[in-house]
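Here are some notes for someone opening this structure for the first time. Please read them beside the model.

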Amino acid sequence: MIEQLGNGLLLGVIIALGSVALSLLYGVTRIVNFAHGEIIALGAVMTLFFSSSPDSSLLFFDRYSPIGINFFGSIVISIILCGIFGASLEIFLFRPLRKNNFGNIAVLVVTIGLSIFLRHIYLLFASAKPSSFILELQRREDYFGIQLTPRNVQVLVLGFIVMILVGLFLTYTKTGKAMRAVRDSSDLASVTGINSDYIILVTWIFSSMLAGFTGIIQGVINNVRWNMGFLILLLIFAGTVLGGIGTSFGAMFGGFVIGVLVQLSVGLEFMDGHTEAKNALALGLMILILLIRPQGIFGTKDRIS
Amino acid sequence: MNKYITASLLLLGCIAYIFLSNDTGSARVFVNLITFAGVYGLAAIGINVHFGWTGLLNFGHAAFMGIGAYTTVLLIPHSLGREGVIISTGLPLPIAIIFGLIASALLGLLLGLPTLRLRGDYLAIVTIAAAEIFRLLVRDFENLTGGVYGIIQFSDSLQVYRPNFVDVISTKYDVSSAQLWVAILTWISIVLVIIILSRLQKSPWGRALRAVREDEDAVRALGKNAVWLKLQSFMLGAAIGGLSGIFLVFNYGTVQASTFVPVLTFYIWAALILGGVGSLGGPALGAIIFWVIIAGTDSISRLLFESPDGQQLAGVRFVIVGLLIMLFMIFRPSGILGKKEELLLDVK
């Protein structure tokens with residue numbers, strides 16, 4: 001079981017970052033965004049597109065020539081593009097819906113349509129086969145009994161730093177405080193002079209950039225594929241529900257726990273030969289939590305009924 | 001009345017399209033399309049009971065369809081898995097189907113219990129997760145379900161009931177008699193289900209259900225158990241989904257782990273939203289139009305790509321499915337046949 005701990009930590013960081021982005025957006029806009037996974041995939045797909053050179057013969061973009069710029073440059077460009085994409089979603093799609101008094105249920109169905117649409121746009125532009133970023137191969141080394149490659153350790157540390165920065169941003173900056181105020185009560189927030197349209201826009205940008213970053217580290221750790229966002233989205237939902245939907249730190253915690261548990265369960269005896277079932281286990285756990293403590297570990301009761 | 005004229009014209013247009021776009025074998029194409037449209041229409045009627053009548057978001061219909069189909073098929077004579085183990089004894093088909101429907105309804109009960117007391121979006125998350133769990137378990141537990149190798153040789157249980165006139169028609173028009181029989185049964189079921197539902201809709205139970213959708217607190221104040229009403233509706237829709245799943249596998253003649261994938265649910269949602277949420281006949285009409293659109297997307301693929309491969313065909317199909325769901329939900333949420341006042345778009 002211990003040999004799975006390294007993989008568990010990595011998956012935990014991915015899901016924690018994805019969960020906090022999803023949960024923040026939900027808290028501020030009340031949108032359960034099923035297209036969240038596709039924004040995650042966008043970050044990875046964009047980075048792959050920018051960082052691979054046209055002659056690198058990638059399986060993934062077998063029909064479209066990649067560009068071939070520096071890997072870290074492409075990460076920055078991709079994250080910015082994800083932010084712009086989130087902003088345009090809010091400005092051209094979700095803001096008009098909000099102004100026309102669309103209910104949450106209708107908007108949820110729209111995000112499902114959006115998710116199917118985007119995912120298959122990626123499929124049309126890329127190959128169905130998974131592909132990896134062009135990075136040198138590394139051997140796993142021993143860190144306090146946990147087997148990880150040096151790059152994965154860097155990713156792990158970077159992920160934790162980003163999570164701490166997100167926490168600091170929400171707790172101490174003016175925008176972060178305003179976001180939490182809108183989340184708790186948008187009416188009271190507007191009374192105190194907070195422009196809720198502006199805050200929602202900022203939340204979309206912030207959440208999308210965070211999602212894009214999640215996709216990139218997922219791409220570094222595993223690989224890039226057109227439906228990577230959909231596959232991880234359900235685990236992110238499980239993490240968010242465990243921590244408490246609408247909370248930020250709860251979602252981070254819940255996502256991390258789900259990620260570690262999913263990987264550790266691979267080592268369980270009764271799971272032998274049933275590797276696919278590890279995700280089923282996490283989703284089953286989510287249903288169980290909804291049965292006994294629907295508000296999650298850190299959620300409050302008023303958010304659920 | 002205007003929308004019924006639109007609906008009839010659309011239907012005629014669809015049939016004309018099928019027969020004009022295929023020079024040879026158009027009857028074969030027609031039967032194939034009408035079978036799938038029937039199966040999807042029946043499934044969409046199930047979701048309509050959830051979403052249109054009760055306001056419940058079910059995005060895991062594939063699981064309800066699948067559990068009904070697997071239960072039925074495993075109870076009748078079949079051949080299972082990689083080695084094709086033949087199980088030649090089993091229950092008579094009608095009894096097996098009843099067990100299949102009960103299994104679907106029980107899954108509905110199981111998923112509904114933890115979530116129906118919570119806000120609507122939790123149900124969406126749980127049902128989509130349940131569909132994924134179902135797919136993973138079916139794939140993983142090969143001894144029971146046949147896994148990716150699936151189950152075969154079970155359709156005889158249905159085809160022994162095939163009356164003679166079906167064979168006469170199928171030889172005359174050169175179509176598969178087995179598929180024609182499935183198509184006839186599916187559409188008979190649709191008519192029966194619609195008749196039962198229209199009776200139910202007017203019954204006190206149906207009115208109470210609509211009241212739950214409109215104002216749950218008011219229903220509670222009148223002493224009705226709103227959660228139990230929602231659960232009943234959820235189980236009813238799940239059982240209808242199970243029936244459509246049974247017809248789907250009898251149409252294929254096989255069932256594998258890849259038959260009931262989560263994307264199946266989205267196809268059915270697209271058909272429902274097209275036809276009209278809340279209307280009785282809307283889902284079936286939507287399913288026909290949906291399948292004609294899907295057939296049409298393949299010609300769009302041929303415009304975009306020189307010789308589209310399977311991946312590009314599927315990609316274009318789903319891009320259009322996604323667009324249809326989004327655009328109809330935004331601009332015409334009541335679909336072709338739905339009533340706007342039946343839709344609660346401002347539900348929070």
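Predicted model: local features only at pLDDT ≥ 70, side-chain atom pairs only at ≥ 80, totals over all residues.

1. Residues are numbered from 1 along each chain as its sequence is written, while chains are lettered from A and ligands numbered from 1 in the order in which they are written.

2. Chain A has 11 helices and two strands. Helices (H or I, at least four residues) and strands (E, at least two) are DSSP runs, numbered from the N terminus. Their order from the N terminus is α-α-α-α-β-β-α-α-α-α-α-α-α.

3. The radius of gyration of chain A is 19 Å, close to the 19 Å of the globule rule for 305 residues, so chain A is as compact as a globular protein of that length. The radius is taken over C-alpha atoms, and the rule is 2.2 Å times the number of residues to the power 0.38.

4. Of the 305 residues in chain A, 54% are buried. A residue is buried if 20 or more other C-beta atoms, placed from the backbone, lie within 10 Å of its own.

5. In chain A, 38 residues are in contact with 40 residues of chain B. Contact requires C-beta atoms, placed from the backbone, to lie within 7 Å. The elements giving two or more residues to this side of chain A are α4 (104-125), α9 (228-243) and α11 (277-292); α4(A) gives the most, with 15 residues.

Definitions and conventions
Buried ≥ 20, exposed ≤ 12 C-beta atoms within 10 Å, placed from the backbone. Contact = placed C-beta atoms within 7 Å.
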